[in-house]
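This briefing is written for someone meeting the structure for the first time.

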Amino acid sequence: MADADDVRRLALALPHVVEIKSDGFDFRVADKGFVWSYPERRPGQPRLIRTDIAVLFVGDEAEKQALLLGEPDLFFTTPSYDGLPLVLLRLAEVGLDRLRELVTDAWRMRAPDELA
């Protein structure tokens, strides 16, 4: 079981990561986001920043679909993320080793070649 503090610790351990000020967490490398809190949109209400759900950059639609189909207990998506290389991760369902792998992979896909 992981939480926002685990995401923060793992993301900040990677080279050249910057945390952007937000109501939750938002991490970037070379000005490119790779993991952040889920901004849940609710009809007629302000967005709710969900620190129990992470948005992860996954690179492409094939990887997104593989994660969604292969581990539906961990990953999901919403219509607002259709066509984007992003998945939503239930932090309470993921172990620390798997979270480290996911955060590192997201960072690697967004980092410039000389960093990755």
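Thr77 sits in the loop that runs between strand S5 (75-76) and strand S6 (86-90), where strands (E, at least two residues) and helices (H or I, at least four) are DSSP runs numbered from the N terminus. The model is predicted, so local features need pLDDT of at least 70 and side-chain atom pairs count only at pLDDT 80 or more, while totals for chains, interfaces and linings use all residues. Residues are numbered from 1 along each chain as its sequence is written, and side-chain values use heavy atoms, with hydrogens and water left out.

**Surroundings of Thr77**

- Thr77 counts as partly exposed at 29% relative accessibility, on a scale where buried means under 20% relative accessible area, exposed means over 50%, and partly exposed lies in between (1.4 Å probe, protein chains only).
- Leaving aside residues up to four places away in sequence, Thr77 touches Lys64, Leu68, Leu86 and Leu88, a contact being heavy atoms within 4.5 Å.
- The C-alpha atoms of Thr77 and Val55 are separated by 9.3 Å, and these two residues are 22 residues apart along the chain.

**Salt bridges**

- Side chains of opposite charge can pair when their charged atoms come close.
- The count of salt bridges comes to 10, when a salt bridge is taken as a side-chain nitrogen of Lys or Arg within 4 Å of a carboxyl oxygen of Asp or Glu.
- One of them joins Asp52 to Arg50, with the closest N and O atoms 2.8 Å apart; Asp52 is partly exposed at 39% relative accessibility, and Arg50 is also partly exposed, at 22%.

**Helix H3**

- Asp97 and Arg100 both belong to helix H3 (residues 96-110), where they lie 3 residues apart, about one turn of the helix, and they form a salt bridge whose closest N and O atoms are 3.2 Å apart.
- Of this pair, Asp97 is exposed at 62% relative accessibility, whereas Arg100 is partly exposed, with a relative accessible area of 37%.
- Arg98 and Glu101 meet in a salt bridge of 2.9 Å, N to O, and they too are 3 residues apart in H3, which separates them by about one helical turn.
- The buried residues of H3 are Leu99, Leu102, Val103, Thr104, Ala106 and Trp107.
- The 15 residues of H3 should span 21 Å, which agrees with the 21 Å between its end C-alpha atoms, the expected span being 1.5 Å times one less than the number of residues.
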